[in-house]
Structures are given as C-alpha cells and as structure tokens.
Amino acid sequence: MDVKDLLITRDTPVGYELQPLKKKAAIQLMGSRLWGRFNPNHWDPVYAGATGLKAPIQTGEMSSAYIAEMCVNHFGAAMFTGARVVCKYIASTLANEVITTHGVVREKIAKGDGFRFVVDVWADNEEGEKKTVGFVEVDVDVDVKGDRA
C-alpha cells in the first residue's frame, strides 16, 4: 500500500483506524547519541540489570517518534503546521520488544475549508501492554475532491 492511500480526507469518519507501525526496540538504536546515549540504562544490559531493570529501556522519545511517523503517514504535511501531539509514557519499553503504534479518530470537527481531527494514539508491545498513550490534533485543509489543498 502506498502512503498516499493512507491520507486522511474530508470523507474520513470518526472511528477510522490509522494503519499501525511495528518497530523493534533495537539496543543499537537505543544506545545512539540521538536517543540518549548519556544514560546507560538505555543501552547497557549490565548497568540496567544493576539498577533493577530486566533489560535496557527505550527512551520515551522513541515511542513518540513511532507515533509521529504513523501520523505523518496519514496527515502528511499537516503534521508540521500546527499539529499538537500529547503523549504520556505509562510503562517502560524494554530492549527487543516489538512496539506497535495505534490511532483511532475520536473527533472530526469542521474548521474553515477542512477539519480538525482528534486522534487517540497509543503504542503497545506484543502482549498488548500499553507503553505510551495520548492524542493528536491535526488541522487538515481539503478541497472538494478530497485531495490535499
């Protein structure tokens, strides 16, 4: 499926489920400078074990990035022009867990020539344990044909 096929349009209903993404919490990424190399709890199994963790934990920014990627796939450039992302980290993501993002359109509010979409978002692991929860608000301007303006 092409990402263009996922774009939200005027006809997108409340209850629409965004196409999820799956990402592995790879320790190689968790230890990169971009994601918090300063804290060995995020990349060193021995250090993480000594602090009581089962494994190194992923930084919260990584789950937020996965959720943002899912939203960009559906809202395109609108995610970069005034969108609001609110996330709360409710459980640690451990190294090697596979995280799946989810999103469901909760509200569709007419606004100008388009709509403001409010989407409940979350990320969970293979067991369905939620790790990050939140919502996204995005203003999408669309023309009569449903294409991006």
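## Aromatic cluster and sheet packing

Phe-117 is buried, with 1% relative accessibility (buried means under 20% relative accessible area, with a 1.4 Å probe and protein chains only). This is a predicted model, in which local features need pLDDT of at least 70, side-chain atom pairs count only at pLDDT 80 or more, and totals for chains, interfaces and linings use all residues. Residues are numbered from 1 along each chain as its sequence is written, and side-chain values use heavy atoms, leaving out hydrogens and water.

The structure holds two aromatic pairs. Rings of Phe, Tyr and Trp (its six-membered ring) pair if their centres lie within 6.5 Å; planes under 30 degrees apart are stacked, over 60 edge-to-face, and the rest tilted.

| Pair | Centre to centre | Angle between planes | Class |
|---|---|---|---|
| Phe-75 and Phe-117 | 6.0 Å | 55 degrees | tilted |
| Phe-115 and Phe-117 | 6.1 Å | 55 degrees | tilted |

Ring pairs join Phe-75, Phe-115 and Phe-117 into a cluster. Phe-75 is buried at 0% relative accessibility, and Phe-115 is buried at 14% relative accessible area.

The open sheet has five strands in the order S1-S3-S4-S5-S2, with antiparallel pairing. Strands are DSSP runs (E, at least two residues), as are helices (H or I, at least four), numbered from the N terminus; two strands pair if DSSP finds at least two bridges between them. S2 and S5 (residues 130-141) pair over six bridges, and Cys-87 has Gly-134 in S5 as its bridge partner. Helix H3 (residues 60-75) packs on the sheet, touching S1, S2, S3, S4 and S5 (contact means heavy atoms within 4.5 Å).

Key: Axes fitted to C-alpha atoms, helices over the stretch in contact; angles between N-to-C directions. Buried < 20%, exposed > 50% of the residue type's maximum accessible area, 1.4 Å probe, protein only.
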